[in-house]
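Here is a brief report on one protein chain. Start with the sequence and the structure, then read on.

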Amino acid sequence: MKKRFRKHIRIARYVVYKETLIDFRDHVWTFIGSFLGIGLIGLLNRESFSATDNVFLIGSFGASSVLIYGIVNSPLAQPRNLIGGHVICAIVGVTVHYIIPNEIWLSSAFAVSLSIVFMQITKTLHPPGGATALIANIGSEKITSLGYLYVLSPVLSGVLILLLVAIMVNKWAAHRNYPANKNWYKLWERRYR
């Protein structure tokens, strides 16, 4: 009994030790990537809008940065999920805002719920996408007045900036592998069996 108990304690110590190891290289690359990605979007936004209404900098980009720069191996952080999740959710969010314009609580709940279902159907689940749909309904007057342009800019343009920075930064970091599928952009070569 004591032997088995000691063995379990030894295993638990090993697991806790491995999970709490700090890799400073990983933290540095995460910082560089997220700083460059969000900073570049903000810099492009600076010339176009006032500081109080940063239309290009939507909150869901912060959450996407956590995934694509911090948890690069996550299936939810891959390019298909990043681009598809945000774009689908932006389309759903704007559409729902047009259908239910005056009831924010109803349109918000409907937009987020539909977005999750559409991401599941298209296999592009990206959790920050739900926030993209929500922002299309609860955003400032500048954001809601964009209509379907919201899908192209800030959503698609911002996501592409984040993706390009993620590919560059994770390519410089030799110990990182992003995207997991190096041929992710070759849609014409995909074969599903």
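## Helix α3 against helix α8

This is a predicted model. In it, F61, S64, S65, I68 and Y69 of α3 meet a set of residues in α8: P154, V155, G158, V159, L162, L163, V165, A166 and N170. Sorted by class, the contact of α3 with α8 has ten nonpolar residues, four polar ones and no charged ones.

What is the geometry of the pair? Helix α3 covers residues 59-70, and helix α8 covers residues 149-172. Their axes come within 11 Å and cross at roughly 25 degrees. Angles under 35 degrees count as roughly parallel, so α3 and α8 are roughly parallel to each other. The crossing of α3 past α8 is right-handed.

## G62 in helix α3

G62 also sits in helix α3. Is G62 buried or partly exposed? Its relative accessibility is 35%, so G62 counts as partly exposed. The cut-offs behind that call are under 20% for buried and over 50% for exposed.

I38 and G62 are 24 residues apart along the chain. In space, their C-alpha atoms are 7.6 Å apart.

## Helix α5 against helix α6

Helix α5 takes in residues 104-122. Helix α6 takes in residues 128-138. The axes of α5 and α6 come within 8 Å, and they cross at roughly 155 degrees. Because of this angle, α5 is roughly antiparallel to α6. The crossing of α5 and α6 is right-handed.

Which residues make the contact? From α5 come I104, S107, S108, A111, V112, S115 and M119. From α6 come G130, A133, L134, N137 and I138. By class, the residues of the contact of α5 with α6 divide into seven nonpolar, five polar and no charged.

## Two serines in helix α5

S107 lies in helix α5. Its relative accessible area is 1%, so S107 is buried. Leaving out residues up to four places away in sequence, S107 touches V96, I100 and N137. N137 belongs to the α6 side of the contact with α5.

S108 is found in helix α5 as well. Buried or exposed, where does S108 fall? S108 has 9% relative accessibility and therefore counts as buried. With residues up to four places away in sequence set aside, S108 touches L134, N137 and I138. L134, N137 and I138 are listed among the α6 residues of the contact with α5. S108 and L134 are 26 residues apart in sequence, yet their C-alpha atoms are 5.5 Å apart in space.

## The chain as a whole

How many helices and strands does the protein chain have? There are eight helices and zero strands. Read from the N terminus, the order of elements is α-α-α-α-α-α-α-α.

The protein chain has 193 residues, and buried residues make up 37% of them. The chain exposes about 12000 Å². Carbon and sulfur atoms supply 68% of that area. Take the contacts with a sequence separation of 6 or more: residues 24 or more positions apart account for 73% of them. The pair S108 and L134, 26 residues apart in sequence, touches across α5 and α6.

Conventions:
Residues are numbered from 1 along each chain as its sequence is written. This is a predicted model: local features need pLDDT of at least 70, side-chain atom pairs count only at pLDDT 80 or more; totals for chains, interfaces and linings use all residues. Side-chain values use heavy atoms; hydrogens and water are left out. Helices (H or I, at least four residues) and strands (E, at least two) are DSSP runs, numbered from the N terminus. Buried means under 20% relative accessible area, exposed over 50%, partly exposed in between (1.4 Å probe, protein chains only). Contact means heavy atoms within 4.5 Å. Accessible areas come from the Shrake-Rupley method with a 1.4 Å probe; for residues, only the protein chains shown count as cover. Axes are lines fitted to C-alpha atoms, for helices over the stretch in contact, and angles run from 0 to 180 degrees between N-to-C directions. Angles under 35 degrees count as roughly parallel, over 145 as roughly antiparallel, 65 to 115 as roughly perpendicular and the rest as oblique. A crossing is left-handed if the near helix is turned anticlockwise from the far one by less than a right angle, and right-handed if clockwise. Ala, Val, Leu, Ile, Met, Phe, Trp, Tyr, Cys and Pro count as nonpolar, Asp, Glu, Lys and Arg as charged, and the others, Gly among them, as polar.
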